[in-house]
Amino acid sequence: MAFPTLRWYKGGEMILPDYKMDRTVDALVGYTKRKLEMEEKYKNWAANNPSDNRMKPNAGNSRPEHPGCQVSGHLMVNRVPGNFHIEAKSVNHNLNAAMTNLTHRVNHLSFGEPITKLAPHMEKTPFMRKVKRILKQVPDEHKQFNPMDDKEYVTTKFHQAYHHYIKVVSTQLNMGSSRGADSVNDVNSISVYQMLEQSQIVYYDEVNVPEARFSYDMSPMSVVVQKEGRKWYDYLTSLCAIIGGTFTTLGLIDATLYKIFKPKKL
């Protein structure tokens, strides 16, 4: 939003959206003329059609106002520590960037191939069917793929912003029998990235521009989550141990009872 904000009022009532065009005399005059023409058309239409509410024209105030920016996309990053940040900047508007409110909401943030919050047509691909089947077998504590999703980071004062510190951990999910963890075509294995995140408010000087900063670091260690089944002889060994323990316990009980109730010779 440009600074200062220019807004159209009619009869003391605010009419959105705010003015977002060039801050020149010609642009402002043209905007005012278009607004007045729309108001005149609406007045004439209402006078000629007092009882007809179909296709009722308006003066451009039906679109909801959204004062924030929406950012989406992908970034190609190297496997080294780095960061990306968001700040107010525009070549077409006179912004007082130092007074920016950096309140933001993270709808989705993840590293690697996206496996959650996909478009409906992507949910039915063979890869996503494989991912869903594997993730059903993974414990919840190993599903930290996007811990920042749907979280809001609110700043209530000027000259402050949230900084996020993210540790990215490479994770190999091996569920069931595998032909090798490095096999791309393995139907029971996928490689993903988990995230550990911490956020804190950073305070700025009055002359500095606040920014929402996302700093990430790749962990030198990786995590392997593997599902292993028990062999048949494990059950046999456990059964023998149970039988042996039961036999020993019964023997001790029998010896104890024998000593207690053993008839004494006179």
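1. Strands are DSSP runs of E with at least two residues, and helices are runs of H or I with at least four residues, both numbered from the N terminus. Two strands are taken to pair if DSSP finds at least two bridges between them. The model is predicted, so local features need pLDDT of at least 70 and side-chain atom pairs count only at pLDDT 80 or more, while totals for chains, interfaces and linings use all residues. Residues are numbered from 1 along each chain as its sequence is written, and side-chain values use heavy atoms, with hydrogens and water left out.

2. Strand β8 (residues 212–226) pairs with strand β3 (residues 82–86) through five bridges, and the two run antiparallel. Within this pairing, N83 has S215 of β8 as its bridge partner.

3. Strand β8 is also joined to β6, by eleven bridges in a parallel arrangement. Here L173 is partnered by V225 of β8.

4. Strand β6 spans residues 160–174 and includes Q172. Is Q172 buried or exposed? Q172 is buried because its relative accessible area is 14%, buried being under 20%, exposed over 50% and partly exposed in between (1.4 Å probe, protein chains only). The Q172 side chain makes a polar contact with the side chain of N174 at 3.5 Å. Such a contact is a pair of N or O atoms within 3.5 Å; within protein, one must be able to donate a hydrogen and the other to accept it, and residues adjacent in sequence count only if both atoms are side-chain atoms.

5. Helix α3 (residues 232–261) contains W232, which is exposed, with a relative accessible area of 65%.
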